[in-house]
2 protein chains.
Amino acid sequence: MGTVHVVSIDPTSDRPVYQQVADVLRRRILDGVVVGGDRLPSETELMQEFQVSRTTARLTYSVLRSEGLIDAQRGRGNFVRDRRDAQRIASDRYRQAVERLRHDGDPQTAFTRDQGIDWSAYRLDKEFHVVPATADVATLLDLDAGTDVLARHFVFYAADQPQQMSVSYLPADLVKGTPVEDPANEPWPGGTMAQLATLGVEVTRIEESVRARMPTPDERRTLQIAQGVPVLTVTRRMLDHDRPVEAAVDIVMPADRFVLDYSLDLS
Amino acid sequence: MGTVHVVSIDPTSDRPVYQQVADVLRRRILDGVVVGGDRLPSETELMQEFQVSRTTARLTYSVLRSEGLIDAQRGRGNFVRDRRDAQRIASDRYRQAVERLRHDGDPQTAFTRDQGIDWSAYRLDKEFHVVPATADVATLLDLDAGTDVLARHFVFYAADQPQQMSVSYLPADLVKGTPVEDPANEPWPGGTMAQLATLGVEVTRIEESVRARMPTPDERRTLQIAQGVPVLTVTRRMLDHDRPVEAAVDIVMPADRFVLDYSLDLS
DNA sequence: CAGTGGTCTAGACCACGCT
DNA sequence: GCGTGGTCTAGACCACTGT
């Protein structure tokens with residue numbers, strides 16, 4: 001007794017067969033008929049059940065992968081991706097950092113909560129280079145293009161899994177000869193704002209620009225990003241009293257692991 | 001005389017051929033050898049130049065499409081996607097709205113700048129329905145699940161192109177019998193905050209949660225989103241004096257057309 | 001070992017854009 | 001009409017996962 005389909009495929013329809021099959025499976029996923037972790041029919045089963053070729057079966061799963069609904073595992077099958085709870089990053093983390101700086105709070109606590117995250121197991125890959133500022137970075141830092149900046153590359157880990165990568169730029173003349181330019185001093189208790197404080201810089205305003213895009217192959221590899229998952233990127237500037245700019249950061253986060261929370265006070 | 005490749009493909013390499021070809025083309029795009037709008041080799045040309053099958057050539061372009069680097073156009077070719085300038089949405093749009101409300105500024109101007117956007121040619125698709133609140137919406141509005149809410153579906157257009165879609169939820173008992181529940185009164189000068197003001201509600205705080213994901217097929221169709229382009233989603237709550245919640249919104253925007261700007265004052 | 005997904009080939013027909 | 005990408009087939013070999 002073969003499998004009976006309530007929803008059958010119409011080869012004469014305008015809608016491509018692989019899309020029709022994808023529609024059926026997508027509906028099962030969205031309706032909760034199958035849930036995170038469940039295995040979907042193998043490609044061979046799809047061929048038999050819907051009377052299609054292997055290529056069409058693979059095209060179907062390719063669609064669902066690019067929608068971020070499933071993960072393929074070689075030798076095992078195609079699995080419904082489970083929607084893990086995303087880590088929330090609150091915009092008031094900066095205000096909290098200011099409070100700790102002012103009240104001499106425990107800097108170590110401050111650090112392990114950097115980026116608003118409790119990093120369970122913490123690690124930091126770092127590369128520091130002095131380079132001429134690109135046009136973009138120069139604009140953000142209000143410098144002439146080509147001015148030397150210290151580029152600091154970070155990869156943040158939690159539970160031995162890479163979670164976030166970023167590049168931070170500081171004007172080279174601001175940090176030259178100070179402990180800030182030495183990677184050995186990372187991780188720095190209290191983070192960037194504490195570092196800037198030792199240089200006599202008070203951060204009074206922060207500007208963040210949030211974008212999203214598909215990751216580059218390099219980002220996919222470094223952050224272990226699944227197919228069909230975009231990245232959130234945050235471009236950040238720290239300002240001292242509305243004018244000079246002290247740091248520019250480009251933060252890249254897998255979008256299935258992070259939510260950015262912002263609170264806007266209007267009173 | 002056939003095409004000569006500086007970078008040749010190694011069929012014996014561990015890296016799949018279609019990835020190696022994609023690497024070559026990706027490099028050309030990222031290095032600016034080809035720029036936005038330029039046509040890439042046709043699939044047939046790729047077959048000849050790299051000595052691969054049509055399937056492999058198509059796989060190559062499928063990779064670049066999913067990375068958001070190119071667009072395929074039936075009957076024409078594969079084209080490098082041009083990075084148009086994204087529309088910036090500033091977080092101080094709410095504060096500006098408050099100012100206008102307080103000073104009786106021109107409400108029409110206020111409206112055409114809703115969402116912080118100057119909609120050049122403006123249109124609005126709308127559907128209003130009273131429905132029981134889902135668990136998520138109930139939590140956001142601090143209501144019991146199942147309580148009636150007014151769900152308002154919007155699609156915003158600029159220059160006849162769909163730019164943004166959103167669902168806004170208001171407690172049904174708050175708006176029952178008021179002009180707010182009548183879709184005919186949309187677009188409402190001054191937007192949601194002006195509407196709430198007529199109900200005696202003062203918005204003192206707004207919370208926004210930003211996420212990114214791949215669009216659903218419905219969103220791709222409605223917003224005319226290209227392959228390989230994620231959406232930014234904003235979940236918004238408006239609060240009156242830190243406690244009651246007055247509106248919850250789910251806004252969906254194509255990530256290649258929008259940047260979200262937030263300014264955080266620490267002084 | 002059998003079953004799974006990953007890669008790759010050769011070939012076919014179609015819909016669409018342009019000239 | 002010709003070249004383009006879109007869909008679909010049948011078949012092959014490989015790498016990986018499980019028993």
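Predicted model: local features only at pLDDT ≥ 70, side-chain atom pairs only at ≥ 80, totals over all residues.
Visitor: In what sense do strand 10 of chain A and strand 7 of chain B pair, and over how many bridges?
Guide: Two strands pair if DSSP finds at least two bridges between them. Strand 10 of chain A and residues 205-213 of chain B, which form strand 7, pair in the antiparallel sense, over 6 bridges.

Visitor: How many residues does the contact take from chain A and from chain B?
Guide: Contact here means heavy atoms within 4.5 Å. By that rule the contact takes from chain A 36 residues, and from chain B 36 residues.

Visitor: What is the area buried between chain A and chain B?
Guide: Buried area is the accessible area (1.4 Å probe) that two parts lose on being put together, summed over both. Carbon and sulfur atoms give 58% of the area buried between chain A and chain B, and the whole is about 3200 Å².

Visitor: Which residues of chain A lose the most area to chain B?
Guide: Three residues together make up 24% of what the chain A side buries. They are Tyr262(A), Leu264(A) and Leu266(A).

Visitor: How many salt bridges does the rule find across the interface of chain A and chain B?
Guide: A salt bridge requires a side-chain nitrogen of Lys or Arg within 4 Å of a carboxyl oxygen of Asp or Glu. Across the interface of chain A and chain B, the number found by this rule is 0.

Note on methods: Residues numbered from 1 in each chain as written. Chains lettered and ligands numbered in written order. Heavy atoms only, no water. Helix = DSSP H or I, 4+ residues; strand = E, 2+ residues; numbered from the N terminus.
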